[in-house]
Structure formats: C-alpha cells, structure tokens
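Thanks for asking me to look over this model with you. Please open the sequence and the 3D view side by side, and we can go through them together.

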Amino acid sequence: MDSEGPGAEARRRRRATVEVGQGLRALSAELTLLNRRVGARLGLRDIDLDCLDLINAHGPLAPTALAQRAGLHAATTTGILDRLERAGWISRERDPADRRAYLIHALRDRNAELLALFAGMNSSVQRICADYDEDQLALLADFLRRTAEAGREAAGELTGPQRDRPAPDSPRDSET
C-alpha cells in the first residue's frame, strides 16, 4: 500500500488539475489587461482590437463571418468595422466571388504598430519556450489548441436566447 494512504495519487492529480485551471484563469486575466493597454495605446476599444485580431488571423473575412467568429450582432460589427476603417486598420473590398458582398482586409502596413506593442510579451514567450524541448513544446501546443477548442465549444453552447432567466437590468440601459 502507498505510504501516503489510499487516494493520494488521485488527490495529487486533482490538485495539479486545479492548478492548471488557476493558471489558465490567471493567464486570461493578464492577457486581457495586456490587450486593454495595447488597445488604449492605439485608441481602440477592447472589442475593436479583438475583431482586428480575428481579421488578421482569419481574414479576409465577410462581415457576417467576423460577427459569427466574434459572437457579435451584425449591427455591432458594422460599428466596429466603421471605427477600424476610419482609424486606418482595415479596408473593405468587393468580394470577387460575389460582387454584391465585400470582404474585410487588415491593412498589413499597420501590423508593425501592433507587433511593437506586443514585443515584450512575444520576447517573454520566446524565452519561456527556450526552456522546453520539442516534444514538450508539442505537448503544450496541443494542450493550448484543445483548450481553445473547449472554450469555443463552451461559448457556442451559450449562444442563443437565454431561457432560464431574464438578463439583469443594466444601469446603462436607462442611460440610452
């Protein structure tokens, strides 16, 4: 019998799993703060920066595709795109496959501004990755991919009307 008693291995595993969850929450909070500060430096709202990131990662995108990826209403997306276009971050170009539609393109010449603001974090990640071998990095990349997918699935499950209870009144609702 294990000198630590029955169930010791299960307890250690639960503790380690809890630590992973706590680490993910801490990372999420720190990245949110970093993104908020980057957005402030660029004069962008948090959601504008989020949408710009989606366009950079998955673009060019149709506005409806961006709205779906961002989980936003089409009208909200239009306002975001208007702000990003006025600020010189994106362009809207006709879709060659459907002349009635258009695609959103990130203006790549502005990426240097983004990269400069994220340079400290990117350098830190490079230094951290240097401490791991290729197999460990592959394991970490797999974990992050699978965790991101779990987040997408969880968000998808929350999409649609809320049936259990009405949304709480917001103080902002009375201001409009």
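Here are my notes as numbered points, going from the whole chain to single residues.

1. **Confidence comes before anything else.** What you have here is a predicted model. The mean pLDDT of the protein chain is 88, and 89% of its residues reach 70 or more. The stretch to treat with care is residues 170–176, where pLDDT stays under 50. For those residues the model has 0 contacts beyond four places in sequence.

2. **The overall plan.** The protein chain has 176 residues, and 18% of them count as buried. Now think about contacts between residues at least 6 apart in sequence: 45% of these join residues at least 24 apart.

3. **Helix 1 against helix 5.** Two packed helices are described by the angle between their axes and the distance between the axes. Helix 1 covers residues 8–42 and helix 5 covers residues 111–129; their packing angle is about 145°, and their axes lie 11 Å apart. This crossing is right-handed. On the helix 1 side, the contact uses Leu31, Leu34, Asn35, Val38, Arg41 and Leu42. Facing them from helix 5 are Glu113, Leu114, Leu117, Phe118 and Met121. Sorted by type, the residues of this contact are 8 nonpolar, 1 polar and 2 charged.

4. **Helix 2 against helix 3.** At what angle do helix 2 and helix 3 pack? The angle is about 115°, with the axes 10 Å apart, for helix 2 at residues 46–58 and helix 3 at residues 63–70. The crossing of helix 2 and helix 3 is right-handed. Helix 2 brings Cys51, Leu54, Ile55 and His58 to the contact, while helix 3 brings Leu66, Arg69 and Ala70. Here the division is 5 nonpolar, 1 polar and 1 charged.

5. **The loop between those two helices.** Please stop at Pro60, which sits in the loop between helix 2 and helix 3. The peptide bond joining Gly59 and Pro60 is cis, with omega about 0°. For background, most peptide bonds are trans.

6. Leu49 belongs to helix 2. Is Leu49 buried or exposed? Leu49 is buried, because its relative accessible area is 6% and the cut-off for buried is under 20%. Leaving aside neighbours within four places in sequence, Leu49 is in contact with Asn35, Val38, Gly39, Leu44 and Leu114. Val38 is 11 residues from Leu49 in sequence, and their C-alpha atoms are 8.5 Å apart in space. You have already met Asn35, Val38 and Leu114 among the residues where helix 1 meets helix 5.

7. **The cysteines.** A disulfide is a covalent bond between the sulfur atoms of two cysteines. How many disulfides does the count come to? The count comes to 0 disulfides. Cys51, at 0% relative accessibility, counts as buried. Cys129, found in helix 5, is partly exposed, with a relative accessible area of 29%. Along the chain, Cys129 and Leu140 are 11 residues apart, and 9.7 Å separates their C-alpha atoms.

8. Ala75 is in helix 4, which covers residues 74–86. Ala75 counts as exposed because its relative accessible area is 52%, and the cut-off for exposed is over 50%. The C-alpha atoms of Ala75 and Pro63 are separated by 10.0 Å, with the two residues 12 apart along the chain.

Definitions and conventions
Residues are numbered from 1 along each chain as its sequence is written. This is a predicted model: local features need pLDDT of at least 70, side-chain atom pairs count only at pLDDT 80 or more; totals for chains, interfaces and linings use all residues. Side-chain values use heavy atoms; hydrogens and water are left out. Axes are lines fitted to C-alpha atoms, for helices over the stretch in contact, and angles run from 0 to 180 degrees between N-to-C directions. Helices (H or I, at least four residues) and strands (E, at least two) are DSSP runs, numbered from the N terminus. A crossing is left-handed if the near helix is turned anticlockwise from the far one by less than a right angle, and right-handed if clockwise. Contact means heavy atoms within 4.5 Å. Ala, Val, Leu, Ile, Met, Phe, Trp, Tyr, Cys and Pro count as nonpolar, Asp, Glu, Lys and Arg as charged, and the others, Gly among them, as polar. A disulfide is a pair of cysteine sulfur atoms within 2.5 Å. Buried means under 20% relative accessible area, exposed over 50%, partly exposed in between (1.4 Å probe, protein chains only). pLDDT is the predictor's confidence in each residue, from 0 to 100.
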